[in-house]
Each structure stands twice: as C-alpha cells, then as structure tokens.
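Let's take a walk through a protein model together. Have a look at the picture first, and then we'll go through it piece by piece.

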Amino acid sequence: MSESRLSFKEMCARFDVTPRTLRYYEYIELLTPEKEGRNRFYGPREVARMTLILRGRRFGFALEELRQWLLIYEKQGTKPQFQAFVGMADRQLGELTRQRDELAVTIADLKALRDEVERLAAES
C-alpha cells in the first residue's frame, strides 16, 4: 500500500466500506479522488475526509449535512468549520438525548408488560 495514495480497493479495505458506498460518496461529492484512466487514487486529504465522514455517520449526521460542513472548510477555513460543528453537535446531542429518553420509556413499558404477563402465566 502506498503511503501517499490508496487505490480504490485499498480505500474500501482501509475503511471497511463497500465499493458501492465509496462510489456513492464520490457521486455526491464527499470525495474527489485523483483519476488516472479508469483508476482512482485517494491521497491524505481524501483519507482524512473519509475518516470524518464515517465518524459523522456514526454520530447520526446526514450525508448532505456532512458535505455542507466539509465545504465550509474549503470556502471559509477552520474556525467557521469548527463553529458549524458545534452547532451540528448541539442539535445531534439534543436528538440523541430525546431518542435515549424515548427508549428508556419503551424499555420500562416492555419490562412492566413482561412482568405482568409472567405473573399471569404463573397464576394460570
């Protein structure tokens, strides 16, 4: 594996993504590999972007939101990108907290119903 560039296959293996995923990220302009004929090569910039994309996906950010966030760096630099990230993170933290609270209620309801059914089964 080249230190400075990864092939398409190497990029898929490094990030454990399918070729379809990698092609899609290129199609929606999240990644722009160097092209030599039909071959694609990914340099340090694309590797860093892929790391950020996958981390963002893990946190629940939409691909379009990530694309817009990455564009901020290209057009405005680091500080505005950092500021945008704080806003994105705050929104996502709120959503994840809401989902966690809903899940806690659902778990409590299911446990109560399970316990009730178990009690009824024991009485029968």
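How do the axes of helix H1 and helix H3 cross, and within what distance do they come? The axes of H1 (residues 8–15) and H3 (residues 44–58) come within 11 Å and cross at roughly 35 degrees. Helices here are DSSP runs of H or I with at least four residues, numbered from the N terminus. Axes are lines fitted to C-alpha atoms over the stretch in contact, with angles from 0 to 180 degrees between N-to-C directions.

A word on the source: this is a predicted model, where local features need pLDDT of at least 70 and side-chain atom pairs count only at pLDDT 80 or more, while totals for chains, interfaces and linings use all residues. Residues are numbered from 1 along each chain as its sequence is written, and side-chain values use heavy atoms, leaving out hydrogens and water.

So who touches whom? On the H1 side you'll find Met11, Arg14 and Phe15, which meet Glu46, Val47, Met50, Thr51 and Leu54 in H3 (contact means heavy atoms within 4.5 Å).

Now for the rings. A pair of aromatic rings is described by the distance of the centres and the angle of the planes. Trp69 and Phe85 have ring centres 5.9 Å apart and planes at 55 degrees, so this pair is tilted (rings of Phe, Tyr and Trp, using its six-membered ring, pair with centres within 6.5 Å; planes under 30 degrees apart are stacked, over 60 edge-to-face, the rest tilted). Trp69 sits in helix H4 (residues 63–76) and Phe85 in helix H5 (residues 78–123), 16 residues apart. Ring pairs also bring in Phe61, making a cluster with Trp69 and Phe85.

Methods
Helices (H or I, at least four residues) and strands (E, at least two) are DSSP runs, numbered from the N terminus.
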